[in-house]
Structures are given as C-alpha cells and as structure tokens.
Amino acid sequence: MAAPRHGAFHPLTVAAVDRLTDDSVALTLRVPEELREEYRHAPGQHLTLRRTAPEGGAEVRRTYSICSPAPSADGPGPAWLRVGVRLVEGGEFSTFAHKEIVAGDVLDVMVPAGRFVLDPAAAPASGHYAAIVGGSGITPVLSIAASLLAARPDARFCLVRSDRTAASTMFLEEVADLKDRYPARFQLVTVLSREEQESGLPSGRLDEERLAALLPALLPVTEVTGWFLCGPYGLVQGAERTLGSLGVARTRVHEEIFHVEDTPPTVRADAGTAPAHGRVTARLDGRSGTWPVQDGESLLDAVLRNRADAPYACKGGVCGTCRAFVVSGEVRMERNFALEAEETDAGFVLACQSHPVTEEVEIDFDR
Ligand code: FES
C-alpha cells in the first residue's frame, strides 16, 4: 500500500456537532473505508481543517487536536475522528464551526500530523505519565490518556487541568468517564481560576508557585515517564520552568502551545543574521524543484508559489505542520513554538518561519 501523502487533504463528512460548553463544540468526522489508513493517527496528533471563504475570499486553515482515542496498531484505521473546537474571539474558522457547520456538511481535512504524541505500544508496561493542561489543551491529552490506559493495563496517568469555570471546561464528561473506568490508574486534579469550588478543591490560577506546591504532593515528579504540557503559552512555559526546578529532565517533557500572541515575551528560535534572498530546493512527496526566494519571503511561501501542496496550517510557528529537514545551506528561523530542541539540533526547521542565510538552501519535507 502507498504511504499516505504528506499534508494531503480529503473531503470528510461531518457526522455530528456536539456542543461541549457555551464556547466550544466537538466535530465528529466520518472516515470512508478507503481512507482509514491515511487517517490512522497517534494519540495527541491534530487535523488541519481548510475552508475557502465564499465569493473568492482567502483560504483559512486551522489546526484542531483529535480527542478520540487512537486505533490500535494491529487493527483497522479509524472509522471516525473527533476534534474539539473552542470559539476564539474574531476567529474566522472557529466562528464558522460554531455558527454554520452542521451534520452532513463536508469539510476539507488534512491527514493527521503533529509530534506531541504518546505511542502506547512504545510505552513501558507500567509507565507513569502526567499532563498539565489549560483550557482546550485538554483535547490531545484526552486522546493520549484514553489510548494509553486502554492499551497498557498497568500504566498510570495523572491529569492536572485548569480552566476558568466548571461551565467553561471542555470534555468534563469524557474525563469523568476515564475516572470511572480507571479509578486506580487515572488521577485527576482540576483547578478553576474564576470559581470557588465546593469540597475544598483548588481554585485560583495554576501558576508556578501553585504547581511547585501541588505536583510533589500528587506524584513522584522525577520518576514520571513522560510529562505532557498543553495550553496557552504562559501556562506551558510556567509548567516547564516548574518541572525543571523540581528536577525533571527536559527530555521527559513534551509541549504543545495553543494561541501564541503576535509578540510573545520570549521566542525559542535561532539567532542569526538578517534574512537574505536566495534559492530553495525542496523535496516534497518524492519530487524536487528549485525556486527563487524573494526578499523577506519565508521558504514555505517560496515553495508554495510553485507547489500548492506544500504542507502548512498556522504559518505562525505554532503547529509544526511545515516541518522540514535542512539538507544543505543555512537558514534563520523567526520563531519556533513547535519543534523540540532535539528536532532543531537534528536539523529540522519550520519552513514558514525560515529564511535563507546562504544563497542556496535545500530542504526536505519528506523526512
Ligand atoms: S505552518 Fe504552522 S508552524 Fe509553520
């Protein structure tokens, strides 16, 4: 069977639109039998949805994490996929999803992507995992926790989640189901920032001070097999610093950031010289081409002018869909909220944020 095409889109029918909270919905997408291998996903991956606005408007792409459990490696690919969509103020796609999408609609959906994943088959049989999530950051972690606990009968998972109020908390029922199904192996702590909870549960912000006090009381932090941090930039950065101060090795921490402001306080990116123009050679789905890069243009935009199938979603350095390997030459990245240090050390970059430093640059989207 041919390998699924990197970044390919297919039309999928919406099977259901479920309202989760006042400002979030879950979309269930039906996967036809002939596409099930293409949509086989690892727990934690996301889908990019694409919409071309009516009357010739610009194309909009948005990335949403899959919340449904992943199929087992030896079974068939998924017959359906579910993603969570939280309404973002002024957000074009999320407003469309909330106001217009109904069951029976057909959406353009990219095959699953993303490296914020936990492969249950590769996890130790009695692995102990933990996640710290804020708001819609629960979405990929729900898939990770459910897939792990189902596949590994001795594994444990601790979820620390924060939201504004109980009414604004996504996937309350699904998380409660995990608690019911795995009472001895699934541990849950919920912190609400704008609500006094009953029965002495924590309230207030899940900041570094609170995490530093909370985590050691919950579990042996340095013995946790893997930490998954997902949510807004500030929460993820604060949790990463806290884990570091508690002695957790950075290699055990996985991060996915939602919603980066235009001018974030710190940027995980290469230092470098001012971007130059040059030429880029890019390999994509086994075919290569060489094209000019105009002044100030990203490598992705230069490739897209010639290969409309180049993979991307956010163009903001957040989703990681445009990851490419630098085969030769040197590039400078503007900002990077998607790649781990091991990936950049190994030579991967975000094409949407990369500009040539050398006259000739060769990148490979297929690695
Ligand atoms: S397209 Fe999202 S990081 Fe480049």
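Mentor: Lys315 sits in the loop between helix H6 (299-304) and E14. This is a predicted model, so read the geometry accordingly. The backbone at Lys315 stands out: phi is positive, about 55°, although the residue is not a glycine. Most residues other than glycine have a negative phi. Is Lys315 buried or exposed, or does it fall in between? Its relative accessibility is 39%, so Lys315 counts as partly exposed.

Follow the loop into the strand. E14 covers residues 323-328, and Arg323 belongs to it. Arg323 is buried because its relative accessible area, 16%, is under the 20% cut-off. Its contacts include three charged residues: Arg115, Glu343 and Arg367. Arg323 also touches Leu339, Phe348, Val349 and Phe365. Residues up to four places away in sequence are left out of that list.

Now the sheet around E14. It is open and has 5 strands, in the order E13-E12-E18-E14-E16. The pairing is mixed. E14 therefore lies between E18 and E16 in that order. Strand E13 (287-293) and strand E16 (348-350) form the edges. Each has a single partner strand, so one side of each lacks a neighbour in the sheet. Neighbouring strands are turned against each other by 35° on average, with direction ignored.

Strand E12 (residues 278-284) and strand E18 (residues 360-364) run parallel, joined by 5 bridges. Arg279 stands opposite Glu360 in E18.

The surroundings are another matter. Phe171 is buried, with a relative accessible area of 1%, whereas Lys315 is partly exposed at 39%.

Last, a helix pair. Helix H4 (residues 208-218) packs against helix H5 (residues 233-245) at about 45°, and their axes are 9 Å apart. That angle makes H4 oblique to H5. The crossing is right-handed. On the H4 side the contact uses Glu208, Leu211, Ala212 and Leu215. On the H5 side it uses Gly238, Ala239, Arg241, Thr242 and Leu243. By type, these residues divide into 5 nonpolar, 2 polar and 2 charged.

Key. Residues numbered from 1 in each chain as written. Predicted model: local features only at pLDDT ≥ 70, side-chain atom pairs only at ≥ 80, totals over all residues. Heavy atoms only, no water. Axes fitted to C-alpha atoms, helices over the stretch in contact; angles between N-to-C directions. Helix = DSSP H or I, 4+ residues; strand = E, 2+ residues; numbered from the N terminus. Parallel < 35°, antiparallel > 145°, perpendicular 65-115°, else oblique. Left-handed = near helix turned anticlockwise from the far one by under 90°. Contact = heavy atoms within 4.5 Å. Buried < 20%, exposed > 50% of the residue type's maximum accessible area, 1.4 Å probe, protein only. Pairing = 2+ DSSP bridges.
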